[in-house]
Amino acid sequence: QVQLVESGGGLVQPGGSLRLSCAASGSIFSIASMGWYRQAPGKQRELVAVITSIGSTNYADSVKGRFTISRDNAKNTVYLQMNSLKPEDTAVYYCNADGRSSFIHSFAVWGQGTQVTVSS
């Protein structure tokens, strides 16, 4: 089994910054991609940013230029640096990882979520 543990959420004022971390542990052979999604009350879960094992990234238009995703492959950890935060960034942020636990077994897992609240 593979588990994801997120940290770094909290309350921040508009214009502020937060850094989220997500560490994967367990039976990991390789991780193809790691990403961050978010879900605001009454809305569907949406992609925020994703990064592949070779560092290719993709961002939602709403966060481009403000958020930066990065990854430490040696630690199986992904980060999300969030700057210039807006009230509309308020949501539960979920980490996601997909990869292989062996040559024949794959996995796709979610973290438990971490609350980010942007408010004055």
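The model is predicted. One of its sheets is open and contains four strands, in the order β1-β3-β8-β7. A disulfide joins C22 to C95, and this pair links distant parts of the chain.

**The four-stranded open sheet**

- The pairing in the sheet of β1, β3, β8 and β7 is antiparallel.
- β1 (2-7) and β7 (67-72) each have a single partner strand and stand at the edges, so one side of each is left without a neighbour in the sheet.
- On average, neighbouring strands of this sheet are turned by 15° against each other, with direction ignored.
- Six bridges connect β3 with strand β8 (residues 77-82), and the two strands pair in the antiparallel sense.
- Within that pairing, L20 stands opposite L80 in β8.

- Strand β4 (residues 30-39) pairs with strand β5 (residues 46-52) over six bridges, in the antiparallel sense.
- In this pair, S33 has T52 of β5 opposite it.
- β4 and β5 form a hairpin in which six residues lie between the strands. G42, located in the turn, has a positive phi of about 75°.
- β5 is also joined to strand β6 (residues 57-59), by three bridges, and these two strands run antiparallel.
- I51 stands opposite T57 in β6.
- A hairpin is formed by β5 and β6 as well, with four residues between them. The turn of this hairpin contains G55, whose phi is positive at about 95°.

**The disulfide**

- The count of disulfides in the model comes to one.
- C22 and C95 form this link, with an S to S distance of 2.1 Å.
- The angle about the S-S bond is -85°, and the link of C22 and C95 is left-handed.
- C22 belongs to strand β3 (residues 18-26) and C95 to strand β9 (residues 91-100); the two cysteines are 73 residues apart.
- Both C22 and C95 are buried.

- T114 is located in strand β11 (residues 114-118).
- T114 counts as buried because its relative accessible area is 12%, which falls under the 20% cut-off.
- A polar atom of the T114 side chain lies 3.3 Å from the backbone nitrogen of G9.
- With neighbours within four places in sequence left aside, the residues in contact with T114 are E6, G9, L20, A91, V92 and Y93.

- R19 is classed as partly exposed because its relative accessible area is 46%, a value between the cut-offs of 20% and 50%.
- Leaving aside neighbours within four places in sequence, R19 is in contact with S7, G8, Y79, L80 and Q81.
- The C-alpha atoms of R19 and V5 are 14 Å apart in space, while the two residues are 14 residues apart in sequence.

Technical notes. Residues are numbered from 1 along each chain as its sequence is written. This is a predicted model: local features need pLDDT of at least 70, side-chain atom pairs count only at pLDDT 80 or more; totals for chains, interfaces and linings use all residues. Side-chain values use heavy atoms; hydrogens and water are left out. Buried means under 20% relative accessible area, exposed over 50%, partly exposed in between (1.4 Å probe, protein chains only). A polar contact is a pair of N or O atoms within 3.5 Å; within protein, one must be able to donate a hydrogen and the other to accept it, and residues adjacent in sequence count only if both atoms are side-chain atoms. Contact means heavy atoms within 4.5 Å. Two strands pair if DSSP finds at least two bridges between them. A disulfide is a pair of cysteine sulfur atoms within 2.5 Å. Axes are lines fitted to C-alpha atoms, for helices over the stretch in contact, and angles run from 0 to 180 degrees between N-to-C directions.
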